[in-house]
Amino acid sequence: HQRPPPAPPTSAPHQRPSLPQALNLFREASQLFSASGTGGAAGGAASGEGAPGTGSHRWPACAARVGTLLGMASCLHRMGRPDEALSACEQLAATGEANPQLLYLHAILLVVTRKPAAAIAKLRAIPPTSPLHRHAGLALSVLLADLGAYRHAKGEAAALLEMYSRNVGALQQLCLVRLRMGSGPQGAAEVSAAVGDLSVLIEMTHHGPSEVRCEVLAARAWARCMQAATRPPGGASALLVEAAADLRTAAGLDPTNPVPHLFRGHALRMSLDPADPDPRVTEEADAAFSAAASRLATALPLERDTMPSGLHPLLLAPPPDTPASAGTAAKPSASSGSRAAGSAHSGGGGSHPSGSMATVLSAHSGQQKVLMLADALHMLAISQHRRGRRPPALELYTYAASLAALAVRAMSGIEAPGGRNLAAAAAEAAVAQIRLNCGRARWGMGEQTNAERDFKEATATYERALGKAAGAPATTIAATPAATPAATPAATPA
C-alpha cells in the first residue's frame with residue numbers, strides 16, 4: 001500500500017476559479033498568443049520565420065506560452081481528461097521546451113495513458129538542480145515498483161536517500177520495495193532490513209500526520225508477518241503478537257484505512273492451528289476481513305447490478321465504525337448503480353466516486369484497491385468454505401475472481417524494464433488461486449463439469465502468471481490433462 005506520486009506544485013491564490021473556468025481562461029490566453037505571433041512554435045511556424053542564427057524554423061516558446069499550455073494540461077488532468085492533457089504537454093514538448101514542471105506533469109500523464117517507458121525517460125530528464133528532482137526520483141521508484149522492477153526501484157530509492165538523507169518519503173518507499181522483494185532469493189535479508197528501517201521511520205513520523213503513521217505501522221506489522229511465515233510455530237507467535245499490536249494502533253490512527261484490517265485478518269489466520277482452528281480467532285479474522293472489504297468498497301464505484309445480492313449488506317453500506325457512518329448512509333445512484341465513494345487514499349469514506357471503474361483502474365492505486373478487495377472477499381469465502389457453506393462461498397469466490405480479473409486486464413500490456421512484470425504476474429496468480437478454490441467449491445456441490453472448467457481456467461491463468469514473471473511466453477505446465485481427483489477437491493481450500 002503506497003501513495004501515488006505527488007502532484008506538481010502550483011501556486012495557491014486566495015480565491016480559485018473552478019477547473020472549467022480556469023481551463024477556459026488558459027485557452028483564451030493560448031489563442032491570444034497564437035494570434036499575436038508571439039506564441040513561440042505556433043507563431044514562428046505560421047510566419048515561416050526561423051530563429052536568428054540557428055537555422056531553425058521554430059521560435060523557442062516564450063515563458064507566457066509555456067505557462068499557458070502547462071496550465072491547460074494541469075486543468076485537463078485534474079478534470080479527468082488525460083488524453084487531452086497529454087496532447088497539450090506534447091504540443092509544448094515539440095517546441096523543445098524542457099521545463100522541469102512540464103517534464104514531471106508529462107511523466108504523470110504518460111503513466112496514466114499507459115506509456116510507462118516514456119514516463120521513465122521524462123522523470124530521469126529532470127535535472128538535480130530542480131526543486132522537483134526529489135519528487136521525480138520518488139515517482140520514478142514508485143513507477144518501477146508498480147511495474148515489478150523491484151531491483152531498479154530499490155536502487156532509485158536508495159540513491160534518493162543518499163542525496164536527501166532522512167527523507168521520510170524516500171525511506172518509506174525503500175522499505176515498501178524491500179517488502180515486495182521479500183519472496184525473492186534474498187527475501188529474508190530484505191524483510192529484516194525493512195523492519196529496522198520502518199522502526200526508524202516510526203520514530204521520524206512520531207509527530208507527523210496520523211495517516212502516514214498508520215501506513216508505516218501497518219507496513220512494519222506486515223513485515224513481521226512475513227518473518228513469521230518462515231519461522232517454526234513457537235518463533236512465529238511472538239512476531240504475530242507484535243504485528244497485532246502495531247495493527248491495532250494503526251487502525252486507531254486512521255479509521256478509514258482498510259489496510260490495518262486486511263493485514264490483521266491475515267495475521268490472525270496465520271496464528272490458527274490448521275488441524276484445530278480456534279473458532280473465536282476465526283470469527284475475529286472474518287470481522288477484520290469484513291471491515292477491510294467494507295472500507296475498500298466505499299472507495300470504489302462498484303456496480304450494484306453486477307454484485308451478488310448477498311454482498312449488498314457488506315459492500316453497499318458505510319462501515320459502522322468510521323466517521324462516514326455518523327450521518328445518513330449514502331445510497332447508490334439510480335443512474336450509475338455505483339455506491340458512495342471514499343477519499344483519495346485506500347480507505348476513505350464519504351462521497352460518490354468521481355469516475356467509472358475504468359477510470360479508477362487506469363491508476364495503479366486503483367488497481368491495488370480492487371486487488372485488496374478481491375483478497376478480502378477471497379479470505380471470507382475460504383472461511384465459509386471451510387465451514388461447509390459452499391453456496392455463499394461460491395458467491396464470494398466468483399465475485400472476488402471477477403474483481404481481480406478487472407485489475408489484471410488493466411495491468412496487461414504494460415511491461416517493466418527487461419520484460420518481467422512481477423506485479424502483473426502476482427495479480428494473475430491471485431486470480432488463479434481464487435478460480436482454483438471456486439472449482440473446489442463447485443466440485444463439493446456436485447457441479448463437476450463447471451468445476452473442471454474452473455480448474456482449467458486456473459491452470460491457464462497460472463501459466464500466464466509464470467510467463468509474465470519470466471518475461472517470456474507462458475509454457476504448458478503439464479503436457480497431459482490431470483487425472484480426475486479421487487477425493488473431493490473442495491475439502492481444503494487454499
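A salt bridge is counted where a side-chain nitrogen of Lys or Arg lies within 4 Å of a carboxyl oxygen of Asp or Glu. In this predicted model, a search of the whole structure finds 18 salt bridges. This report describes some of them and then turns to the cysteines.

**A bridge between helices α11 and α12**

E242 and R224 form a salt bridge, with 3.2 Å between the closest N and O atoms. R224 belongs to helix α11 (residues 210-228) and E242 to helix α12 (residues 233-253), so the bridge ties together parts that are 18 residues apart in sequence. The two partners can also be described by their accessibility. R224 has a relative accessible area of 14% and is therefore buried. E242, with a relative accessible area of 37%, is partly exposed.

**Bridges between helices α19 and α20**

A salt bridge also joins the side chains of E457 and R435, at 3.5 Å from N to O. Distant parts of the chain are linked by this pair, as R435 is in helix α19 (residues 422-444) and E457 is in helix α20 (residues 448-470), 22 residues apart. R435 counts as buried because its relative accessible area is 16%, whereas E457, at 36%, is partly exposed.

R442 and D454 form a salt bridge as well, and their closest N and O atoms are 2.5 Å apart. Here too the pair links distant parts of the chain, with R442 in helix α19 and D454 in helix α20, twelve residues apart. Both residues of this pair, R442 and D454, are buried. Through salt bridges that share partners, R435, R442, E447, D454 and E457 are joined into one network.

The table below lists the pairs described above with their N to O distances.

| Salt bridge | N to O distance |
|---|---|
| E242 and R224 | 3.2 Å |
| E457 and R435 | 3.5 Å |
| R442 and D454 | 2.5 Å |

**Cysteines**

A disulfide is a covalent bond between the sulfur atoms of two cysteines. For a pair to be counted, the two sulfur atoms must be within 2.5 Å. By this rule the model has zero disulfides. Two cysteines can be described by their accessibility: C175 has 0% relative accessibility and therefore counts as buried. C214 is likewise buried, because its relative accessibility is 0%.

Notes: Residues are numbered from 1 along each chain as its sequence is written. This is a predicted model: local features need pLDDT of at least 70, side-chain atom pairs count only at pLDDT 80 or more; totals for chains, interfaces and linings use all residues. Side-chain values use heavy atoms; hydrogens and water are left out. Buried means under 20% relative accessible area, exposed over 50%, partly exposed in between (1.4 Å probe, protein chains only). Helices (H or I, at least four residues) and strands (E, at least two) are DSSP runs, numbered from the N terminus.
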